[in-house]
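Biologist: Hi! Could you walk me through this one? I'm new to it.

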Amino acid sequence: MVRSMTGYGRKEAEKGALRVTVEIRSVNHRFSDILVRLPKAWTMLEDSVRKQVASFVRRGRVDVAIALEGEAAETRSEVEIDWHLANQFVQIAREMGERFSLETPLTPKDLLLLPGVVHTKDGKEHADKDTGDWILDAVRAAAEDLLAMKQAEGTQLQMDLSKRLSQIREWVSQLQELVPQASEEYRKRLQQRMADMLNQVSVELDPQRIVQEVAIFAERSDISEEVTRLQSHCLQFSEQLGRDDAIGRGLDFLLQEMNREANTIASKANHLHIQHLAVDIKTELEKMREQVQNIE
């Protein structure tokens, strides 16, 4: 199924006094880039959130914003004392005082400044695992909402591209029919021009010369190979549209190749109708490429 790269998903949920709001926005991007914004106390969930969202996104820039309100939204930091280490410092201080006859006591302030005695424990270490899982469930629900929008828009893109592709195929078929006609029309025009010129002088028209000129024209203006490649690219494009994976880059490449063939046809063909068809194809391809830029 074709997916658009743009979409929006949102989920709000409550758990006791805690309320979470998850918003996910995705836009066009060459690669997959997921940015996560979490409250400071819950930054340890960043990797889990990114993995959760990544399972719903193949390509594009995705912004995930998670906001929490309520008593548990912010957790407080705590101070811990390593009493065993503090006791060791006190004991060492006493022994040094006795050995060197020092009477300077070790104050609580001195102990607090000694390395390793005091630890600040961030509140996130006490975060409730159930609450973390609950937040991730909200993220998943928002990602599912995002995916639904991407798929809905992708369906519209697929329908539009298929319609335009059918029109191009019809034009390519017309090109194929015009290839032999172009040579025949050129032969008739050349023959008529030469006849008009020769009427003014007493010289016979050489049929062989006409044949040679037509053959040269046919060789120089032959677009059969370009038409065949265009048909092949159209078939590949249609097959790509039916695939269930990231197809955006492949479609863009095919459109570039199709545009190259149309340019060659327009420059080689010395035939007004063929040139008009080539321009029509190029115009339609440009519209398709604008659409493809939005596909995963």
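Modeller: Happy to, and we can go from the overall layout to single residues.

Modeller: This is a predicted model, where local features need pLDDT of at least 70, side-chain atom pairs count only at pLDDT 80 or more, and totals for chains, interfaces and linings use all residues. Residues are numbered from 1 along each chain as its sequence is written, and side-chain values use heavy atoms, with hydrogens and water left out.

Biologist: Thanks! How many helices and strands does the protein have?

Modeller: There are eight helices and six strands. Both are DSSP runs numbered from the N terminus, helices being H or I with at least four residues and strands E with at least two. In sequence order the pattern reads β-β-β-α-β-β-α-α-β-α-α-α-α-α.

Biologist: How do S1 and S2 run?

Modeller: Strand S1 (residues 7-15) and strand S2 (residues 18-27) are antiparallel, with nine bridges joining them; strands pair if DSSP finds at least two bridges between them.

Biologist: Which residue in S2 is the bridge partner of Arg 10?

Modeller: That is Glu 23. Arg 10 also has a salt bridge with Glu 12, at 2.2 Å from N to O. For a salt bridge, a side-chain nitrogen of Lys or Arg must be within 4 Å of a carboxyl oxygen of Asp or Glu. Arg 10, Glu 12, Glu 14, Arg 19, Glu 23 and Arg 25 are linked in a network of such bridges.

Biologist: Nice. How many salt bridges are found in the whole structure?

Modeller: The search finds 23. One of them joins the side chains of Arg 58 and Glu 296, 3.9 Å from N to O. Arg 58 sits in the loop between helix H1 (46-54) and strand S4 (60-69), and Glu 296 in the segment after H8, so this pair ties together parts that are 238 residues apart in sequence.

Biologist: Is Glu 296 buried or exposed?

Modeller: Glu 296 counts as buried because its relative accessibility is 1%, while Arg 58 is partly exposed at 24%. Buried means under 20% relative accessible area, exposed over 50%, and partly exposed in between, with a 1.4 Å probe and protein chains only.

Biologist: Changing topic: what about the largest nonpolar core?

Modeller: That core has 31 residues, and those with the most contacts inside it are Ile 168, Phe 237, Met 258, Ile 265, Ile 281 and Met 288. A nonpolar core is a set of buried Ala, Val, Leu, Ile, Met, Phe, Trp, Tyr and Cys residues joined through side-chain atoms within 4.5 Å. H4, helix H6 (224-241), helix H7 (248-268) and helix H8 (272-292) each supply at least two of its residues. The largest share, eight residues, comes from H4.

Biologist: And which residues does Ile 281 contact?

Modeller: Leaving aside neighbours within four places in sequence, Ile 281 is in contact with Ile 168, Trp 171, Val 172, Leu 175, Leu 230 and Ala 262. Contact means heavy atoms within 4.5 Å.

Biologist: You mentioned H4. Where is Thr 131 found?

Modeller: Thr 131 is in helix H4, which covers residues 129-198. With 7% relative accessibility, Thr 131 counts as buried. Not counting residues up to four places away in sequence, Thr 131 touches Lys 15, Leu 18 and Trp 42.

Biologist: Last one: what share of the protein's residues is buried?

Modeller: Buried residues make up 35% of the 296.
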